[in-house]
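User: I have a model open and want a quick walk through it. Can we go spot by spot?

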Amino acid sequence: MKNLSPRHFLTASGLALLVALSPAIAQQAVAPADEAQAAANDNKPLAAPESNARKEQVMPETFADLVDQVSPAVVNITTTATVSTPLAGGPQLPEGSPFSDLFREFGFPGFPQGGPEGQGPSEEQRSNALGSGFVVSAEGLIVTNNHVIDGADEIEIEFFSGKTLPAKVIGKDDKTDIAVLKVESDKPLPFVKFGDSDKARVGDWVLALGNPLGQGFSASTGIVSARNRALSGTYDDFIQTDAAINRGNSGGPLFNMDGEVIGVNTAILSPNGGSIGIGFSMASNVVSKVVDQLEEFGETRRGWLGVKIQPVTEDIAESLGLAEAKGAMVTDVPTGPALDAGMKAGDVITSFGGSNIKDPRDLVRRVADAPVGKAVDVTVQRDGKPVDLQITLGRREIAEGGDSTDSKKQSENPSDIMGMSVVPLTPSLAGELGVASDSKGLVVQSVEPEGAAADKGLSRGDIITEAGQRPVTSLDDLKARISEAKDAGRKSLLLMVRREGEPRFVALSIE
């Protein structure tokens, strides 16, 4: 995935104007209306009907029964926004055009005299866009993508029966691209429930429902192509599917065969804007937590640990004497909850809240899901031994919105020692490198192109501040750390290197 150009990732929202699309025909509910309404009245979610194929977990003869059962909870979303567009009568000139003054001076029809250079007249117009969503409570809560409703002045919900209702925004989260809407209905609404996306397996059947290209209610089927996909966000956990997803499907549900929502259709990978069988749905286990917070608070309240982390590679694990390359390695501990609890740079976080940590992404999600202001048990590996800490988490939204001086104060990168020349960091060198005059460490002067340091990405100007998790200020210190590592039977030495303010650990071979 990382070899693909980001410009090929497209949201599946309806960007076309309604006037450019064929009018969607109101759907007549195939599922018995009284059956869906009875479930809503009893506050029961819609679910897949019982079938032999479902019990035996074999390929269904048809998806029609499942579509009939859950479709009353799927909605089309039309948003209206006010946009500024150029008047047709005026000339469209590029910024800085030499003709701008000419048209302005001689009063070209529709061109504002004395206006900003290169700009023609404009007028306010109403623009419509399309998307999808689904009802998650009998009281009228609706889940969709944030980009579907972002900037909208008015939001209209069209139900499967053809009925329409206005909606208001309860809350939205741009980090997961999720929004929660609310409609007022005179009777309970049929709704669906979230399933456990972690139980979805590659190869499982899935059903996508939505409003592709404004054509009205539409169903497509496929399989789970991959799990745990990350596109660009901090909290990304996408299910990849080959079920057809196009613009207008954004915010629509991805169902498993039990009629549970295991994903929210969000984006497609496409060179031409159309479906090529690579779609992405935000996993329900991420979405459901966001929805709960947006419903309760109108905003997200994610936990904040206050550390910078990096993956634990095989060579880093070996240099630290760890049995497995798992966990999240702490590279920096600015002012925050972790520092207050005694966490240190070089610690490897192996457990959080009683659950083992696989990698940095795993830690980020678990911290985000943890309650703000409550103490959490955290285990780190330090000097080859487990250390138990209790950390009272802060709130990420406040930390990110506040003064970031402390978190940016120390930022640099990692480095190695083999195949490079180093000199002690002096006040004059510190001034040239833009670091504090009292900083200590070793400055990389040059790197052999085919040496161990070059292999690890070290370069001139990197500052080595630690070796073997102990400070180094001279070449003798570094040599001593190398000798100690060899005496301990280690094949590599762990260095902390700082580059342009960002710290990073690197394990270099000492053989």
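User: Which loop does Val312 lie in?
Analyst: The loop between strand S16 (308-311) and helix H7 (314-320). Helices (H or I, at least four residues) and strands (E, at least two) are DSSP runs, numbered from the N terminus. This is a predicted model: local features need pLDDT of at least 70, side-chain atom pairs count only at pLDDT 80 or more, and totals for chains, interfaces and linings use all residues. Residues are numbered from 1 along each chain as its sequence is written, and side-chain values use heavy atoms, with hydrogens and water left out.

User: Is Val312 buried or exposed?
Analyst: Buried, with a relative accessible area of 7%. Buried means under 20% relative accessible area, exposed over 50%, partly exposed in between (1.4 Å probe, protein chains only).

User: What does Val312 touch?
Analyst: Leaving out residues up to four places away in sequence, the list is Ala317, Leu322, Ala325, Lys326, Gly327, Ala328, Met329 and Val348. Contact means heavy atoms within 4.5 Å. The C-alpha atom of Val312 is also separated by 7.4 Å from that of Asp359, 47 residues apart along the chain.

User: What does Asp359 do at the start of H9?
Analyst: One of its side-chain oxygens reaches to within 3.2 Å of the backbone nitrogen of Arg361. That is a polar contact: a pair of N or O atoms within 3.5 Å, where within protein one must be able to donate a hydrogen and the other to accept it, and residues adjacent in sequence count only if both atoms are side-chain atoms.

User: Which residues of helix H9 are buried?
Analyst: H9 covers residues 360-369, and its buried residues are Pro360, Asp362, Leu363, Arg365, Val367 and Ala368.

User: And what do they pack against?
Analyst: Strands. They pack against S10, S15 (303-304), S16, S17 (328-332), S18 (348-352) and S19 (355-356).

User: New topic. How many cavities of 30 Å³ or more are there?
Analyst: Two. On a 1 Å grid over the protein atoms alone, a cavity is a set of points where a 1.4 Å probe fits but cannot get out, and lining residues have an atom within 4 Å of a point. Grid points are joined across faces, edges and corners, and a volume is the space filled by probe spheres set on the points.

User: What lines the second largest cavity?
Analyst: Ser197, Asp198, Arg227, Asn228, Asp237, Phe238, Ile239 and Ala283. Strands S10 (218-229) and S11 (238-241) each supply at least two residues of that lining. The volume of this cavity is about 30 Å³.

User: Where is Thr241?
Analyst: In strand S11. Thr241 is buried, at a relative accessible area of 0%. A polar atom of the Thr241 side chain lies 3.0 Å from the backbone nitrogen of Ala243.

User: Which residues other than glycine have a positive phi?
Analyst: Asp383 is one of them, with phi near 55°. Gln469 is another, with phi near 65°. Most residues other than glycine have a negative phi.

User: Where do those two lie?
Analyst: Asp383 is in the loop between S20 (375-382) and S21 (385-392), and counts as exposed at 60% relative accessibility. Gln469 is in the loop between S25 (463-467) and S26 (470-471). Gln469 is partly exposed, at 24%.

User: Last one. How many helices and strands does the protein chain have?
Analyst: There are 14 helices and 28 strands. Of the 511 residues, 46% count as buried.

Methods:
On a 1 Å grid over the protein atoms alone, a cavity is a set of points where a 1.4 Å probe fits but cannot get out, and a pocket is an open set with protein on both sides within 12 Å along at least five of seven lines; lining residues have an atom within 4 Å of a point.
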